[in-house]
Structures are given as structure tokens and as C-alpha cells.
Amino acid sequence: MPDLSDWLLTKPERGNPATRLDERHPGDQAWSEGNLVRPLIHGATYFAELYERIEATRAGDLLFFTNWKGVAD
């Protein structure tokens, strides 16, 4: 497995000491491992999944999502 610090920012590199995200990770690690990542290509698929995940959140949950390229239509 490659050294992820070669690809991802460490806590000091991110420069955000106020975030609670880093509390979960040891040392300077600022990322999690073992995540399920699935590309959702079509907007209808993406927004249906996003809605379902948002509806399932509870107090204290963190929800992160990303969009490689957003198109208004």
C-alpha cells in the first residue's frame, strides 16, 4: 500500500486546528481508511442517493459528499 501522506494532506498541511475531524485519526493522519466509495454517474442516481443518506443521518453524524464535475442541468 502506498504511503497516503504522499497523496493526502496531513493535519499540519491542512492547517485547520479547530476541526473535530482530526480527533479520530492518530498522529498527523487527516484521512480515514476503509471507506466505501461508489461513483454515481447520472444526476438522478446521485440525488436520490444523496437524499437517502441525508435522511438517514442522526445527531452527531458527519456527512461528506463530493462532486467531480457539477452540471446545472
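View 1. Phe47 has a relative accessibility of 55% and counts as exposed, where exposed means over 50% relative accessible area, buried under 20% and partly exposed in between (1.4 Å probe, protein chains only). Tyr46, by contrast, is buried at a relative accessible area of 17%. The model shown here is predicted, so local features need pLDDT of at least 70 and side-chain atom pairs count only at pLDDT 80 or more, while totals for chains, interfaces and linings use all residues. Tyr46 and Phe47 form an edge-to-face aromatic pair, with 4.9 Å centre to centre and 85 degrees between the planes. Rings of Phe, Tyr and Trp (its six-membered ring) pair if their centres lie within 6.5 Å; planes under 30 degrees apart count as stacked, over 60 as edge-to-face and the rest as tilted.

View 2. Asn16 is partly exposed, at 38% relative accessibility. Beyond its neighbours within four places in sequence, Asn16 is in contact (heavy atoms within 4.5 Å) with Lys11 and Asp22.

View 3. Of the 73 residues in the chain, 15% are buried. The chain exposes about 6700 Å², and carbon and sulfur atoms supply 56% of that area, computed by the Shrake-Rupley method with a 1.4 Å probe. Residues are numbered from 1 along each chain as its sequence is written, and side-chain values use heavy atoms, leaving out hydrogens and water.
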